[in-house]
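Me: I have a structure open and would like to go through it. Can you help me read it?

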Amino acid sequence: MNRRIIRTLVALCIMVALFAPGTVFAGGASETQTYRITAGIGLNDRSAQYESLEFFKELVESRSNGRIQMELFHSSQLGDDREMMEALQRGEQEMTCPSTAPIAPFVPEFAVFDLPFLFPSYEAADHVLDSHIGQSMLDKLSDVGIKGLVFWENGYRHLTNSARAVRTPADVRGMRVRTMENPLHLDAWRAMGANPTPMAFGELFSAMQQRVVDGQENPWGTIYLQNFPEVQGYATDTGHIYSPFVLMIGKGYWDRLPADLQKIVMDAAIESRTFNRELNRRYNEEYLEQLRDVMTVVELTPQQRQQFQDAVQPIYRQYASVVGEELLRSVTAMIDEFMANN
Ligand code: TK8
């Protein structure tokens, strides 16, 4: 190959390295090349999710000796969950960590994790999410330009509202409940008798403040740390859905990372998963106690909770074909086996 062509190819490689999104070219051989990761989330910087991102950042920056540099953004500064996932696909942002619900429009099978009352315990959720089933779901994200690293935890979701104490589905009738942008969530609240509205998380507080919606549903830590008691007087421990988060990175960016940095990122993701779950569970427990001082918190009796479970049971039949009969059967079988043996 003649010298002119080689020069052209080398120049092209340097141009790509210099201007590829997320990469800072520090000159010299590739081992001195630094990689900039911009990570955005929707929750604020008091959340367990943001503290877990800081933990992850410290691990990858220290273990890569600064070859990876992370910049963190919170409170939907970079957009809502859907917009940030699209930015990963376009290579305009490197990492985000949405709930599984807004992922379902990208990969329909993810709706399986939002089936109401699917996970009877934290341990059952961890068992399924960290199994080959969870890994197969993370791998499906590669088909839409995203590398799913690990599952973190959003947590069990509970209803809050500004209108009245809710003890049975009858109390929810006609209530304008904000849901995540996912048809399963909408159908689940319709089955409970509510009048649901899909909305990005970043718009929720002002919508509650202006009484555009009556209520919403999120884990206790989010309810407290996002100051929802300022605009919501009532809470009910429905625990109707266990929400996982997915820590994810743009597939194109991931593929450009050298193998040693990929390992540092993946190892840090796995360590941060343990950190995140422990912190999130502690926060949800602690902040429920704080919420009792500032809201009317209804604790459902087993009979009252059963009424909510009965109301949403049709969702399983309705969504079996959406998530896939085989996947639904595998998930429920794994949960049943785990609960029988633990
Ligand atoms: C934050 C959201 C939030 C979720 C929601 O970006 O939208 O209600 O529970 O945690 O992902």
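**Rings and cavities**

Reply: Phe113 is buried, with a relative accessible area of 1%; buried means under 20% relative accessible area, exposed over 50% and partly exposed in between, with a 1.4 Å probe and protein chains only. This is a predicted model, where local features need pLDDT of at least 70, side-chain atom pairs count only at pLDDT 80 or more, and totals for chains, interfaces and linings use all residues. Residues are numbered from 1 along each chain as its sequence is written, and side-chain values use heavy atoms, with hydrogens and water left out.

Me: Ok, and is Phe110 buried or exposed?

Reply: Phe110 counts as buried because its relative accessibility is 0%.

Me: What kind of pair do Phe110 and Phe113 form?

Reply: An edge-to-face aromatic pair, 6.0 Å centre to centre with 70 degrees between the planes. Rings of Phe, Tyr and Trp (its six-membered ring) pair if their centres lie within 6.5 Å; planes under 30 degrees apart count as stacked, over 60 as edge-to-face and the rest as tilted.

Me: Why is the pair Tyr283 and Tyr287 edge-to-face?

Reply: Their ring centres are 5.3 Å apart and the planes stand at 70 degrees, so that pair is edge-to-face. Tyr283 and Tyr287 both lie in helix H11, four residues apart, about one turn of the helix. Helices (H or I, at least four residues) and strands (E, at least two) are DSSP runs, numbered from the N terminus. Both tyrosines are buried.

Me: How many aromatic pairs does the structure hold?

Reply: 13. One aromatic cluster includes Phe110, Phe113, Phe119 and Tyr122.

Me: New topic. How many cavities of 30 Å³ or more are there?

Reply: Two, from a search of the whole structure. On a 1 Å grid over the protein atoms alone, a cavity is a set of points where a 1.4 Å probe fits but cannot get out, and lining residues have an atom within 4 Å of a point. Grid points are joined across faces, edges and corners, and a volume is the space filled by probe spheres set on the points.

Me: What is the volume of the largest cavity?

Reply: About 200 Å³. Of the 20 residues that line the largest cavity, those closest to its centre are Asp81, Ser99, Arg178, Met180 and Phe201.

Me: And how much space lies in the second largest cavity?

Reply: About 100 Å³. Its lining has 16 residues, and the closest to the centre include Leu43 and Asn280. Helix H11 gives the largest share of that lining, four residues.

Conventions: On a 1 Å grid over the protein atoms alone, a cavity is a set of points where a 1.4 Å probe fits but cannot get out, and a pocket is an open set with protein on both sides within 12 Å along at least five of seven lines; lining residues have an atom within 4 Å of a point.
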